[in-house]
Amino acid sequence: MYEIRKHKIELRQKYLARREMLSPAVRAGRDAQICRNLLSSAVYRYSDVLLLYYPTGTEVDILPVARAAAKAGKRVAYPRCNTEDHSMTFYFIRSEKDMEEGSYGLREPREGLPAFLPEEKGTNVLCVVPAVVYDRKGYRIGYGGGYYDRFFGKFRPNSVGVVYEEFLLGSVPHGRFDMSVDVVMTERGVYAGK
């Protein structure tokens, strides 16, 4: 287990540094294409609820997807992190004004908003998952908190990982508690997970 953790840390540092080196213009072009790919996908089209992340730093900017989803009448939710047990709960927002600075300096829904309930019947849920790198089986190296793995351990929605093509690796180290996404989407295409 120690070797897997060590290898993940090394890969995370290496690829975060590489992502930082990309120019804002290159990232913006790739982000726009990833959003177009996502918005044209069947998994997006048939979803009623989108569980998204609010991009920070050099993460893939999926805010255009959130805006298009809201305009199309889909419900959009973002996570609030509980740093004590590394869990997260998604809350529905009406606009970006419902967001505030939260854990780790991330934008999170303000308190008091309606929570997404996984047991809610009759909804098609799509979760878009950030990462530093993905592999072709849908495994990821995130930021080391295990929040999405814990969430997927309790509820398994349709899931899409978004990453730049050069950050899609042949394989990444993963342990028995690491969860994969169903599909990985880059600016160049869509790759099915395991």
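Predicted model: local features only at pLDDT ≥ 70, side-chain atom pairs only at ≥ 80, totals over all residues.
Residues are numbered from 1 along each chain as its sequence is written, and side-chain values use heavy atoms, with hydrogens and water left out.

**View 1. The largest pocket has a volume of about 1000 Å³.** Of the 38 residues that line this pocket, the closest to its centre are Tyr 143, Gly 144, Gly 145, Gly 146 and Tyr 147. A pocket here is an open set of points on a 1 Å grid over the protein atoms alone, where a 1.4 Å probe fits, with protein on both sides within 12 Å along at least five of seven lines, and its lining residues have an atom within 4 Å of a point. Grid points are joined across faces, edges and corners, and the volume is the space filled by probe spheres set on them. Helix H1 (2-21) gives the largest share of the lining, 7 residues, and the elements that each supply at least two residues also include strand E2 (75-82) and helix H5 (147-154); helices (H or I, at least four residues) and strands (E, at least two) are DSSP runs, numbered from the N terminus.

**View 2. The second largest pocket has a volume of about 180 Å³.** Among the residues that line this pocket are Ala 66, Arg 67 and Ala 70, together with Lys 74, Arg 75 and Val 76. The elements that give two or more residues to this lining are helix H4 (63-71) and E2.

**View 3. Helix H4 has the buried residues Leu 63, Val 65, Ala 66 and Ala 69.** Seen down the axis of H4, these residues fall within an arc of 155° (taken from the directions from the helix axis to the C-beta atoms), so they line one face of the helix. Buried means under 20% relative accessible area, found with a 1.4 Å probe on protein chains only. The buried residues of H4 pack against helix H2 (24-39), helix H3 (42-45), strand E1 (49-51) and E2, where contact means heavy atoms within 4.5 Å.

**View 4. An open sheet of 3 strands has the order E8-E7-E10, with mixed pairing.** The edge strands, E8 and E10 (168-169), each pair on one side only. Strand E7 (residues 133-135) pairs with E8 in the antiparallel sense over 2 bridges, and two strands count as paired if DSSP finds at least two bridges between them. Val 133 stands opposite Ile 141 in E8.

Key. Buried < 20%, exposed > 50% of the residue type's maximum accessible area, 1.4 Å probe, protein only.
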